[in-house]
Amino acid sequence: MEEPISRRLRHRVRILGELLGETMLDQHGSAFLEKVEEIRLLAKKRRQEGGSIDALQDVLKSLDDEYLVSVARAFNQFLNLANIAEQAETTAIRRAPFPEVSNLDDLFKRFAENEEIDNAKLVETIREMKCELVLTAHPTEITRRTLIQKYNRIAAQLEVVTEDVELRPDKRRELERLIAEVWYTDEIRTERPTPQDEAKWGYAVIEHSFWTAIPRIWEGLEQLLKKYTGEELPLTAAPITVASWMGGDRDGNPNVTAEVTDEVIRLARWMAADLYLRDIEDLLAQLSMTVCSKDVLALCGEESHEPYRSLLRQLRERLTATRQWAGTFDAPPPGLIMSRQDLFDPLYACYRSLHECGMGIIAEGLLKRTLIRVSTFGVTLVDLDIRQNADKHEALMDALTNYLDIGSYKSWSEKARQDFLVDELESKRPLIPEQWKPEPEVQETLDTFNLIAENNAEGVASYVISMAKNPSDVLAVVLLLKKCGLSRRLPVVPLFETLQDLENAAWTLERLLRIPWYTNYVAGHQQVMIGYSDSAKDAGQMAAAWAQYRAQEDLVTISEKYNVKLTLFHGRGGAPGRGGGPARAAILSQPPGSVKHSMRVTEQGEMIRFKYGSEALALTNLDLVLSATIEASLMPPAKPRENWRLLMDKMAIVARESYREIVRDDPCFIDYFEQGTPERELAKLALGSRPARRSGTDNRTIEDLRAIPWVFAWTQKRLMLPAWLGTDAAFEQHLSGKDLYVLKEMIAEWPFFQTQLAMLEMVLSKADVDIAEEYDKVLVEPQLQEFAARFRQRMTELVKIVNTLRGQDDLLSGNVEFKRSLELRHPYTDPLQFLQVELLRRSRAADTENPSVDKALLVTIAGIAASMRNTG
């Protein structure tokens, strides 16, 4: 099947490339098109023949700055169109209607053959399932919503493009028009996006994919449940939901204020009301029936010839008023749709009535899908996580205790803090004086707590504490929420990020659960977030991955000891250096018992469009995530053998020490990182609302640099250092004798290790020693050239080790599809890489800023990011 699909895909890429070429010809003329083709062919020759790039360098150096902008845009759009064709191919492979030929269907078939999983257990798991995707912003994926829509329309048009049938002139003209719209639209923002811009982008993704895909995945799941067990899925069930950090994540981002979060929550309410109004209008056209139940008549409040329409008109009026109010900062007047039940109850009454009156077939259409949406999205569309650093809460508590003349909270021991916090939690007296006006930074933190309390946390999913280390970090947030007036239990989630914090995570949780007040507060449910990004930046990928695994094991043990249901929140990035990788494999490789009916996972901005950018893509990836979560709940992997654990312990130590010896201790490393990657340029360009460094200063330390630009910079260079540095040393020391035998055993039998090795192989296949060398030769000072060469040599040796462990000659020998995907993009990515080197050279050589060079640089950054798919 692979070869015909490959032909079709290449044919589609060729057609799209031709049409883009015709568009560029119209604007720039044949000389420009010939120059672009010359650059492409020179880059292609370099890859295929391994020759010199001198000729390519000469061409790039000869072009003026303005010309380079257009050349960069050309290759960027070639790459975008190739990605669109590949995504269309992914969704076209499944021809049968969902859920046939799906991961969920395969899973239910396996359950039917497994005697250990009875129907009652299966039904209970499905009904209790809570799998939540948490959308986060990312600097490279603030793609303008208008372009996202145009790309989706191009993808839809590709259905008629096949290699066997000549494209009709009218269809070719339509594709050409859409590609021209893309080409003449400026794809790059000139100003840094605001958190509101990021949130609007997230809402656009929900509108164009999740809004339709989630009801389909829900109905498919119910169809399978009925087929194999005879049971239905309750309409209140929400097995897969969506939350967001866009506009709620204020950790290190001073642009996210309480006022901004309030606006983002209201924007979400506005969008929700608008989307529901579209459903209500369609339902008004459909539900013209006259026969109804007494409940519907009672809700109508009047005798009506068309009772369903009467009830729907009332909802339309209330939703219209809600949408109008959500665009203001006024207090909500009476009669708005403010809670899930305000919308669900009347619609469910209509649903029951239609069934009771013999019109169930009508109830099972749009009305049911609308009810599924209400259970999934509520009336807030997407609930926000509020995230803040533990230091900010400590500063607020310190300012408060000093104001109250009871001492300095910062100077207290952990025990003293806990004693004070628990006493206040148990007390009904106020803690925060109304007249207190602290310093602006402290006031801002307090304003966020007041905002959450004012709305009783409506539109808020949880409160995440970055850099959590001790029980007092959690208790302080619970106390501040309570004393600001919050009356419901909001999940307060400690995020354990560094290697040390991961190692202490279970001990921190146990100390919390030993406190009777807190155990009563959580009411048998606790959420904990595992940080992948900062732990990998702190200790290297291998040591971090093993620490994350062990932390999860220990957290499961503690939660079971105290009879608490644990939900693990995985803060994965898009890149392997930040915990990224194929979602299904990642879920199924978690420790046994760590996925019990519930899981949360971040979806990074640069991956959201590739995985969820259309209904078809979303359906494919939701099927992967949901089926894997159900499987991990009911069929968890076996516990790792003791000799596997011992070897992982030894390798993690070697990997950590080797990584830190370079990144922390070698005085040459910071200079090499800044010179040899585009990290400096990333910080100046309008790539996102959050500063690149936690302190917001130019502090030259890796610790202060955020994980996204850290991984981002190395990926742009194609050295991928965060994903493998240290791992190479660990493998080198244990690649012989008994250890080699154990390694082979781990590769054959342990899902965790299989996934780690697969991600390493994937990232090494995206790396390119020759491209990395070009960055070093052109951008790095002579005295660091030998230092730079060491990394390229280490990566080359690691490739040999991986091939030895796999028993293969070349990377990706067992993953032809992924290899083909890379090869498809090489002709467009390689020119962008060499363009970027030339642009970095010009930018650093110039005495003043050059807008044309900066813009061309940003285009190459976005293009390379799109090609790598999991940049940061």
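Predicted model: local features only at pLDDT ≥ 70, side-chain atom pairs only at ≥ 80, totals over all residues.

Reader: Good to know. Let's begin with strand β8: how many of its residues are buried?

Author: Six of its six residues are buried, in a strand that covers residues 598-603. S598, R600 and T602 point one way, while M599, V601 and E603 point the other way, and all are buried.

Reader: Which strands are joined to β8 by bridges?

Author: Strand β1 (residues 130-135) runs parallel to β8, with six bridges joining them. K130 has S598 as its bridge partner there. Strand β7 is also joined to β8 in parallel, by two bridges. In that pairing, F569 has R600 as its partner.

Reader: And what does β7 meet besides that?

Author: β7 (residues 565-571) also runs parallel to β6, and seven bridges join those two. V528 stands opposite L568 of β7.

Reader: Is β6 mostly covered or exposed?

Author: Mostly covered: six of the seven residues in β6 (525-531) are buried. β6 also pairs with β5 (residues 492-496), in the parallel sense, over two bridges. There, F496 has I530 of β6 as its bridge partner.

Reader: Nice. Back to R600, then. Which residue does R600 form a salt bridge with?

Author: D385, with the closest N and O atoms 3.0 Å apart. The pair links distant parts of the chain, since R600 sits in strand β8 and D385 in strand β3 (residues 383-389), 215 residues apart.

Reader: Why do R600 and D385 count as buried?

Author: Buried means under 20% relative accessible area. R600 counts as buried because its relative accessibility is 4%, and D385 because its value is 0%.

Reader: How many salt bridges does the structure hold?

Author: The structure holds 66 salt bridges. One of them is between R172 and E18, where the closest N and O atoms are 3.6 Å apart. R172 lies in helix α8 (residues 169-183) and E18 in helix α1 (residues 2-28), so this pair ties together parts that are 154 residues apart in sequence.

Reader: Are R172 and E18 buried or partly exposed?

Author: R172 is partly exposed, at 23% relative accessible area. E18 is partly exposed as well, at 31%.

Reader: Where is R46?

Author: R46 is in helix α2 (residues 30-49). R46 is buried, with a relative accessible area of 7%.

Reader: Changing topic: you promised a kink. Where does the kink in α36 lie?

Author: At H826, shortly before the proline P827, and the kink is about 55 degrees. For its 30 residues (816-845), α36 should span 44 Å at 1.5 Å a residue; the end C-alpha atoms are 42 Å apart, which agrees. α36 is mostly covered, with 22 of its 30 residues buried.

Reader: Last stop, the loops. What is worth a look?

Author: Most residues other than glycine have a negative phi. D405, not a glycine, has a positive phi of about 60 degrees, and R718, also not a glycine, has one of about 70 degrees.

Reader: Where are D405 and R718, and is each buried or exposed?

Author: D405 is in the loop between α16 and α17, and is exposed with a relative accessible area of 69%. R718 lies in the loop between α30 (707-717) and α31 (727-733), and is buried at 1%.

Reader: What makes up the nonpolar surface patch?

Author: Y403, L404 and I406 make that patch, which is about 240 Å². I406 is found in the loop between α16 (390-403) and α17 (414-426), and counts as partly exposed at 41% relative accessibility.

Reader: Great, thanks for the tour!

Methods
Residues numbered from 1 in each chain as written. Heavy atoms only, no water. Buried < 20%, exposed > 50% of the residue type's maximum accessible area, 1.4 Å probe, protein only. Helix = DSSP H or I, 4+ residues; strand = E, 2+ residues; numbered from the N terminus. Pairing = 2+ DSSP bridges. Patch = residues over 30% accessible without salt bridge, like charges linked within 9 Å, V, L, I, M, F, W, Y side chains within 5 Å. Areas by Shrake-Rupley, 256 points an atom, 1.4 Å probe, with all protein chains shown as cover. Salt bridge = Lys/Arg side-chain N within 4 Å of Asp/Glu carboxyl O. Expected span 1.5 Å × (residues − 1). Bend = angle between axes of the 7 residues up to and from the residue.
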